[in-house]
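Please read them with the structure open beside you.

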Amino acid sequence: MSAGGRWTEFDQAMMRRALELAERGRYSTQPNPRVGCVITQGERVVGEGWYRKSGEAHAEALALDSAGAAARGATAYVTLEPHCYQSRTPPCTDALIRAGVRRVACGVVDPNPQVRGAGLQQLEAAGVQAEAGLLSDDVRELNLGFEKRMTTGRPRVRVKVAASLDGRVALANGASRWITGEAARADVQRLRAESSAVLTGIETVLADDPQLNVRDPAIDLLGRQPLRVVLDSRLRMPHAARMLKAEGDVLVFVAQERLGSAAKLEAAGVKVLASPLAEDGRIALPQMLDELGRRQCNDVLVEAGPTLAGQFLQLGLADELIVYLAPVILGPEARPMAVITGLNRLEDAARYTLKDMRRVGDDVKLVFRPAG
């Protein structure tokens, strides 16, 4: 920082570069955060690194390796506070101190309770100037799911809907392929790729027989596929479902009394878990999300029908609503994007803030977050 306490233009430019590097791990770092690091001498970049995959070297270690002896007396710009404990990889704080780095500028403090400021404290205790807050809003966006899991125990939930201009997702007879165009469907592949899990309900499985995995060869998951999650209280999951033949793991939540009938599904490699039920007999969503958090899911993408999508929205469990709006009108008999019940006053309806809007082929992608 400058003497006046403001980040310099060069500081900001280097953090933007660190963010660009971190973005390269958008599809592959789960369950860990995406991290990028840039090392400079004066205003000259001497090293760069980004975190690729769980168990591999961290961004700071890779940047230090590329900088070599030039790291001594240098500044390290890192999107996330350096981790400070022995895990599958050694502490990044130790590596930075050994390399003789003079200053570390971070985007945000690591929300992981095992770090959460301790990394900065270790650096300061060793004589390294360490501070956080550089482009913090931009940096936080990169790891919102990781942050939520670390602070609440639950993953971030994103509800995805493909709808007509009048907010309909299927004709009255259930036909919905395809409301949106090819470009929007390709964009959904990227949403899946950056998610820990893709979740749906048994009614969608029975009606559409989806695979819910990532099939775009241009997306490099480094061998990872998102977990497919099905909420199926009565255990109606077809043994011939395409999902069970597609690449990736499948997890099915059922009522406790149905667990004894799951042997055939489990023999096919499906993990079946008993879950508490809500009053309506469906899987209780809060407890289900707690379990996904315990399974280290950072981001869950919900691709479900109007009833389940409406449950997530009405219970306030959706952190983001993503709507692909197609230039078509389906009429009042078509199925709505979300079933919301019990509203008698407009002021009781959930309000959302538009976070992003962009054209995707002939469709429009709208990203909303709960107001406030």
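1. The axes of helix α3 (residues 92–99) and helix α4 (residues 118–125) come within 10 Å of each other and cross at roughly 20°, where axes are lines fitted to C-alpha atoms, for helices over the stretch in contact, and angles run from 0 to 180 degrees between N-to-C directions. That makes α3 roughly parallel to α4, a term kept for angles under 35 degrees. Helices (H or I, at least four residues) and strands (E, at least two) are DSSP runs, numbered from the N terminus.

2. This is a predicted model, in which local features need pLDDT of at least 70 and side-chain atom pairs count only at pLDDT 80 or more, while totals for chains, interfaces and linings use all residues. Residues are numbered from 1 along each chain as its sequence is written, and side-chain values use heavy atoms, with hydrogens and water left out.

3. Where the two helices meet, T93, D94, L96 and I97 of α3 are in contact (heavy atoms within 4.5 Å) with G119, Q122 and L123 of α4.

4. One aromatic pair is counted, taking rings of Phe, Tyr and Trp (its six-membered ring) to pair if their centres lie within 6.5 Å. The rings of F10 and Y77 have centres 6.3 Å apart and planes at 75°, so the pair is edge-to-face, the class for planes over 60 degrees apart. F10 lies in helix α1 (residues 9–23) and Y77 in strand β3 (residues 75–80), 67 residues apart, and the pair thus links distant parts of the chain.

5. F10 is buried, with a relative accessible area of 18%, and Y77 is also buried, at 2%, where buried means under 20% relative accessible area (1.4 Å probe, protein chains only).

Note on methods: Angles under 35 degrees count as roughly parallel, over 145 as roughly antiparallel, 65 to 115 as roughly perpendicular and the rest as oblique. Rings of Phe, Tyr and Trp (its six-membered ring) pair if their centres lie within 6.5 Å; planes under 30 degrees apart count as stacked, over 60 as edge-to-face and the rest as tilted. Buried means under 20% relative accessible area, exposed over 50%, partly exposed in between (1.4 Å probe, protein chains only).
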